[in-house]
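Subject: Structure for you to look at

Hello,

Here is the structure I said I would pass on. My notes follow it.

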Amino acid sequence: MSNPPVPDQHARQTELLIAAQPRAQAGTAESPERQILAPWMDLLPANQRDLLSLLPVADVNGALFAALGGLEQDVTAPALPDAARPGTIAGLLCVDPFLRVHDVLRLLGAAGISAIANFPTIQVVDGATARVFDSADLGVKREFRILAQFARAGVAITGFATTDDAAERLLEIGVSDLVFHPGLASSDWRARAVAARQAEDCLRTLRPRCQIPLRLFCPDAFGTELDAARALADGLVRYA
Amino acid sequence: MQELVQKRAQGSATLLVGGAIGVGMTAEAAVRGGADFLLALNAGRFRVMGAASLAALLPLNNSNRFTDSFARREILDRVSVPVLFGASCFDPMTDPEQLVRQARAVGYHGVTNFPSSIHFDGQFRKRLEEAGLGFAREARMLALAREAGLMTFGYAKTRSEIAHLIEARVDMICLNFGWNAGGVQAVAQSFTIAEAADRARRIFSIVRSGAPDTLCFVEGGPIINPDDMFRVCDEARADGYVGGSTLDRMPLEMSVTERTSAFKAFGVLKQANTKQSRELARAARIAGIVGQSEFVLAILEQVTRLAATDIAALISGEPGLGRGAVARALHPLSGRTGPLLTLRAANPEASPEATLFGDGPRKQGFLSRPDSTAVIENAEMLSPDLQARLADWLEQEAQRGADTSKTATAPPTRARLVLVCTAAALERGALVPALSRRLQAGRIDVPPLRERPEDVPALARHRLEVLGRGKQISADGYRLLLAHDWPGNTPELRSVIDRAALNSEQDTIGSAQISDAIGHATKPGMAGSEATPQAVGERDWLVDALRRNRFRRGDTAAYLGISRKTLYNKMRRFGLLE
């Protein structure tokens, strides 16, 4: 049985970049080039950002809000038409216990942004720690709940998933893009190979059920191990 | 440090207590309470900001800058005991030497490794260690601090981490049992008190053989009150305890709840000066209603308003909510001079129709007695024919009332009809539509206790007053009472309080007695069984781990950081072996 066609063939060709600074608008007005805005990248060493973006080293949401003008700014005025940034996706730490969806919606609106991504994602934290995070309502369940709130408010979601179960949940929420995250890269090639194989399996499982672009996140430390998974994805996501 | 060692040496009965805090007010209060030292931790700050301690591990700020900022302004130089800085070693841009230098320069008396890699496991922990940002780096920071003359307090969870700390020759080792149970933001637990005590005993014997001068502390997990602490410290011969959530969040949550409740009650008492409130207070006293929730006030207002009329009433709700008392209270409150008559429809020997409507010339029915109140309990058990007759009677009464108002002649007041029914019976349509329609104007729904937990402390205090032994309930005890669903409503609560008071040898009833009494009051096998939310969570966690590891038990056990035997036992417990 052949795989169903992906609706947006353009997505197969393009890479989705994660960048610290908003880039000058590229692409056409109808099809703007997209990027995930993650200003915290500038605060962390490039070779360890996947790990450090989930540790108390920097305020990842604070960096995003500051880049967009700050939560304290007067956002009562409607966004100016030239402020629209249709290709920008705001990378948000959804498990931030002090995150107020209403405020973020106003800030995004004022900045002309109408899409977010659950990046960095708490799904990367595993084992018993993940269970403890969940029981304190700071885990995956909270991440999905916050994403669902944004989705209900009409925000487009680029959903990062580390397992096929998480991907299913994101599809239920109604994400517009799905990105498979292979987890933190190990310095041991065997561990990377196992992670790559799991990524490949998950992409195969998701492919028939996924009617939206299905991308693969390629952290810098992964190399050729991800080649087979790359071939199954509609596009890649990587750091700029 | 010598001062702490001497305190401990003065007598083994004196346990050292450290406060892991994050705000000036808590720091000063902990010292007034006798804390021997303080740990300034980002987790303490997050707790008073309303988040769980676990937020300490999230990328919400630079932990070292954050902690230093509030500790300098609010804690250092404001307390008379040593203050240790909670230093995070996660930041690769700040090396341990730099951290120690800064802590010393600022004026901290020592350092501790918090937030720590010990709180992570699985692949994430492996990556942390591979990156050189794991426990070895924390142990190195502590060793450097000791060399610099600072006090060192090392958090650890496993034997291997303890070995690192012994090698680093830290002054104090704290065996952490995970994030605290208890309170509104409790997290799932890995240990029971007995397991924690056993684990501490084994690990501290290793510490004592390798580093006899090191002080041993316990913290977290199931230790949520002084009794738990004493049990673990006593069995493990620990030198002391460090409290975080147990010193600030849990007491604060409960104390704010109780104080607010007390102020609210005071407001209600003050309102009693008004005529309306005096009527409400009288209604509460007569109906035996205890509580101060909006629900209770609404019921009292309904009862008071209804009492001033002749409208027939329908009191519904679950059993055990005092519906009968509310129904009967309508009689004295309405000032009727006739008798209060009660028909128990569930009584197989009752002849409801004859009782209500009379039996010819031989017996006058309840409904014919002037100025009376006729209460029918378990009204859902009346036959449909009798219900239809009651609906007709109500219709005739209404018509008679209308005619009377036209003629302006005052006829003798007939009986007021009050039906008492279970909510479940009403939902399944146990009353015939004609009767149900007639009673809607005077319907009072008494909500179950689980929908108004704010009434639970007042009911518990009321019961203790009735028992008259001058006992109180601890904050943890109230926490358990508030967390329970009370399927048996007020009688269940009464029974729990009675049993807990009986089993408590002290003036304060603790969580242990409340927990035991609740266990007794609920169905056998429910407490602590797979039916609890925590167990359901654990089962989900197991299934998730098994699925992630393609149901390979060896891999799953390694992934979860437990032995294959423990995994097998857990799978068997949750029925995952078939």
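Helices and strands here are DSSP runs, numbered from the N terminus. With that numbering, Pro115(B) sits in the loop between β4 (110-113) and α6 (122-130) of chain B. The model is a predicted one.

The bond that joins Phe114(B) to Pro115(B) is a cis peptide bond, with omega about -5°. Chain A has a cis peptide bond from Phe119(A) to Pro120(A), where omega is near 5°. Pro120(A) is placed in the loop between β4 (115-117) and α5 of chain A.

Between the chains, 33 residues of chain A are in contact with 40 residues of chain B. Helix α5 (residues 127-135) of chain A supplies the largest share of chain A's side, 7 residues. That side is made up of 20 nonpolar, 9 polar and 4 charged residues.

Within chain A, helix α6 (residues 140-152) packs against helix α7 (residues 164-173) at an angle of about 20°, with the axes 10 Å apart. Angles under 35 degrees count as roughly parallel, so α6(A) is roughly parallel to α7(A). Their crossing is right-handed. Among the residues making the contact are Phe144(A) and Leu147(A) of α6(A) and Arg169(A) of α7(A).

Asp77(B), with phi about 65°, lies in the loop between α4 (63-74) and β3 (83-87) of chain B. Asp77(B) counts as exposed because it has 7 C-beta neighbours inside 10 Å. Asn489(B), with phi near 55°, belongs to helix α21 (residues 489-503) of chain B. Asn489(B) is buried, having 20 other C-beta atoms within 10 Å.

Regards

Conventions. Residues numbered from 1 in each chain as written. Chains lettered and ligands numbered in written order. Predicted model: local features only at pLDDT ≥ 70, side-chain atom pairs only at ≥ 80, totals over all residues. Contact = placed C-beta atoms within 7 Å. Helix = DSSP H or I, 4+ residues; strand = E, 2+ residues; numbered from the N terminus. Nonpolar A, V, L, I, M, F, W, Y, C, P; charged D, E, K, R; others polar. Axes fitted to C-alpha atoms, helices over the stretch in contact; angles between N-to-C directions. Parallel < 35°, antiparallel > 145°, perpendicular 65-115°, else oblique. Left-handed = near helix turned anticlockwise from the far one by under 90°. Buried ≥ 20, exposed ≤ 12 C-beta atoms within 10 Å, placed from the backbone.
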